[in-house]
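Keep the view open and follow each point in turn.

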Amino acid sequence: MLTKSKIEFIEFMMKSDVLRFGKFKTKSGRLTPYFVNTGNYRTGKQIAELGKFYAELVKETCGDNFDCMFGPAYKGIPLVTTTAVFLATQYNIDKPYFFNRKEEKDHGEGGNLVGYQPQNGDNIIIIEDVITAGTAIRETVPILTKSADVNIEHMFISVNRCEIGKTLGKTAIMEVSEEFGINVHSIISVQDIYDYLKKQKGYNDILDLMEKYMTKYCILS
């Protein structure tokens with residue numbers, strides 16, 4: 001269902017040039033008529049507003065029932081930071097956060113994690129941008145499980161692309177849930193984007209391309 005909050009988020013992403021339409025290649029190699037690039041958030045106001053949407057979803061989903069939050073390098077770093085700030089300042093949910101380096105540091109404190117250092121028994125939530133084929137999460141989970149004996153119950157993303165993963169008949173998010181036991185929550189889905197564009201003028205060509213793409217690659221509930 002296209003709620004007021006979802007409409008606000010879609011319009012926010014479009015205004016920020018994060019949700020774009022055209023011809024793009026995803027990390028999985030698919031040619032898509034729309035693309036989400038959270039790297040295009042460029043101002044303090046934008047990143048602050050983004051944190052509001054993520055924090056609202058985190059609070060609604062699990063409240064303060066987690067120990068820390070992780071943002072995978074690179075795009076997850078500002079996402080987890082702004083989410084942590086908004087949770088603390090607006091909801092009084094003050095939780096530690098951390099992220100990883102792409103290359104492990106061999107001097108100073110060493111290691112490849114920056115910020116909070118996970119402890120055995122920690123319940124970690126992951127803050128990420130999107131999941132297309134599940135490649136990034138398969139790289140992320142080993143980083144966390146190697147750091148300590150932790151639990152990863154929830155992952156929060158901007159957009160659920162609802163795309164088929166490696167297994168026919170299952171989306172990448174379904175695979176992640178089955179493989180790692182992680183519940184993935186999105187602010188919006190590709191269906192929300194499509195439904196929003198249908199209510200606007202001037203998107204007939206994009207809607208046609210999205211219909212073809214969604215028929216070929218997506219599993220919609």
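**Notes for a first look**

1. Let's start with a network: salt bridges link R30, R161 and E163. A salt bridge here is a side-chain nitrogen of Lys or Arg within 4 Å of a carboxyl oxygen of Asp or Glu. Please keep in mind that this is a predicted model, in which local features need pLDDT of at least 70, side-chain atom pairs count only at pLDDT 80 or more, and totals for chains, interfaces and linings use all residues. Residues are numbered from 1 along each chain as its sequence is written, and side-chain values use heavy atoms, with hydrogens and water left out.

2. Buried means under 20% relative accessible area, exposed over 50%, and partly exposed in between (1.4 Å probe, protein chains only).

3. The whole structure holds 8 salt bridges. One of them joins E179 to R138, with the closest N and O atoms 3.2 Å apart. This pair links distant parts of the chain, 41 residues apart: E179 lies in helix α5 and R138 in helix α4 (residues 135-147). Helices (H or I, at least four residues) and strands (E, at least two) are DSSP runs, numbered from the N terminus. E179 is partly exposed, with a relative accessible area of 47%, whereas R138 counts as buried at 18%.

4. Another salt bridge brings together the side chains of K170 and E178 (2.7 Å, N to O). K170 is partly exposed, its relative accessible area being 28%, while E178 is exposed at 55%.

5. Now look at the strands. β8 (residues 151-160) and β9 pair in the parallel sense over 6 bridges; strands pair if DSSP finds at least two bridges between them. N160 stands opposite S189 in β9. From β8 the chain crosses through helix α5 (residues 172-180) to β9, in a right-handed β-α-β crossover. Right-handed means that, with the strands pointing away from the viewer, the path from the first strand over the helix to the second runs clockwise. Strand β9 (residues 183-189) has 5 of its 7 residues buried, so it is largely enclosed by the rest of the structure.

6. Which residues touch the most other members of the largest nonpolar core? Of its 43 residues, they are F9, M13, I127 and M210. Helix α2 (residues 44-62) gives the largest share of this core, 7 residues. A second, separate core has 20 residues, including C68, F70, I157 and I182. A nonpolar core is a set of buried Ala, Val, Leu, Ile, Met, Phe, Trp, Tyr and Cys residues joined through side-chain atoms within 4.5 Å.

7. M210 deserves a click. Setting aside neighbours within four places in sequence, M210 is in contact (heavy atoms within 4.5 Å) with F21, P33, Y34, V190, I193, Y194 and L197.

8. Last, helix α3 (residues 76-91). At 1.5 Å a residue, its 16 residues should span 22 Å, and the end C-alpha atoms are 21 Å apart, which agrees; the expected span is 1.5 Å times one less than the number of residues. Among the buried residues of α3 are I77, V80, F86 and L87. N92 follows α3 and has a positive phi, near 60 degrees.
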